[in-house]
Amino acid sequence: MVKTIALVTSIYGDHDYLVDPPEQDGVDEYIAVVDRHYDGCRLWQQIIEPRPHLHPRMAAKIPKCQPWLYTDADYALWVDGSARLKHEGVAEWAAAHL
């Protein structure tokens with residue numbers, strides 16, 4: 001049975017900038033939960049959820065603690081908004097260790 005994988009990240013405030021990773025082997029969805037739209041991203045499906053009542057650091061923790069709420073994939077792999085994936089096999093390697 002083939003399992004589906006989603007990469008989930010979150011960026012709130014101007015602490016980081018959303019950047020497309022190299023396309024990952026085995027990843028079906030790239031989901032970014034953000035407080036505003038980021039131009040130039042072709043892979044990330046941006047889910048805009050402003051949370052003005054929370055500090056940006058706390059707002060970003062909601063999807064971090066519950067990434068499965070943003071996808072129907074079998075596995076939701078969290079990638080910090082400050083992380084920059086450089087290789088195509090990172091997500092596949094992580095999923096193999098679940």
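A salt bridge is taken here as a side-chain nitrogen of Lys or Arg lying within 4 Å of a carboxyl oxygen of Asp or Glu. By that rule, the side chains of Glu-23 and Arg-42 form a salt bridge, with 3.3 Å from N to O. The elements named here are DSSP runs numbered from the N terminus, with helices (H or I) of at least four residues and strands (E) of at least two.

The model is a predicted one, in which local features need pLDDT of at least 70 and side-chain atom pairs count only at pLDDT 80 or more, while totals for chains, interfaces and linings use all residues. Residues are numbered from 1 along each chain as its sequence is written, and side-chain values use heavy atoms, with hydrogens and water left out.

## Salt bridges

Side chains of opposite charge can pair when their charged atoms come close. The structure holds three salt bridges, which the table sets out.

| Salt bridge | Distance, N to O |
|---|---|
| Asp-14 and Arg-36 | 3.8 Å |
| Glu-23 and Arg-42 | 3.3 Å |
| Arg-51 and Glu-49 | 2.5 Å |

In the salt bridge of Asp-14 with Arg-36, Asp-14 belongs to the loop between β1 (5-11) and β2 (29-34) and Arg-36 to the loop between β2 and β3 (45-48), so the pair ties together parts that are 22 residues apart in sequence.

How far these side chains are open to the surroundings is given as relative accessible area, where buried means under 20%, exposed means over 50% and partly exposed covers what lies in between (1.4 Å probe, protein chains only). Asp-14 is exposed at 68%, whereas Arg-36 is partly exposed at 33%. Glu-23 is partly exposed at 47%, and Arg-42 is exposed at 61%.

## The largest pocket

Rolling a probe the size of a water molecule over the atoms shows where empty space is left. On a 1 Å grid over the protein atoms alone, a pocket is an open set of points with protein on both sides within 12 Å along at least five of seven lines, in contrast to a cavity, where a 1.4 Å probe fits but cannot get out; lining residues have an atom within 4 Å of a point. Grid points are joined across faces, edges and corners, and a volume is the space filled by probe spheres set on the points.

The largest pocket contains about 250 Å³ of space. Its lining is made of 14 residues, and those nearest its centre are Ser-10, Asp-16, Arg-57, Ala-60 and Asp-80. Two or more lining residues come from each of β1, α1 (56-59) and α2 (61-65). Counting Ala, Val, Leu, Ile, Met, Phe, Trp, Tyr, Cys and Pro as nonpolar, Asp, Glu, Lys and Arg as charged and the others, Gly among them, as polar, the lining divides into five nonpolar, four polar and five charged residues.

Asp-16 lies in the loop between β1 and β2 and is partly exposed at 27% relative accessibility. Contact means heavy atoms within 4.5 Å; leaving aside neighbours within four places in sequence, Asp-16 is in contact with Ile-11, Tyr-38, Gly-81 and Ser-82.

## Nonpolar cores

In soluble globular proteins, nonpolar side chains tend to be buried together. A nonpolar core is a set of buried Ala, Val, Leu, Ile, Met, Phe, Trp, Tyr and Cys residues joined through side-chain atoms within 4.5 Å. The largest such core has 16 residues, of which Leu-7, Leu-18 and Trp-44 touch the most other members. At least two residues of this core come from each of β1, β2 and α3 (90-96). Beyond its neighbours within four places in sequence, Trp-44 is in contact with residues including Leu-7, Leu-18, Asp-20, Tyr-30 and Ile-31.

A second, separate core has ten residues, among them Ala-6, Ile-31, Val-33 and Tyr-70. Tyr-70 lies in the loop between α2 and β4 (75-78) and is buried, at 13% relative accessible area. Apart from neighbours within four places in sequence, the contacts of Tyr-70 include Ile-31 and Val-33, and also Glu-49 and Arg-51, the two residues that meet in a salt bridge.
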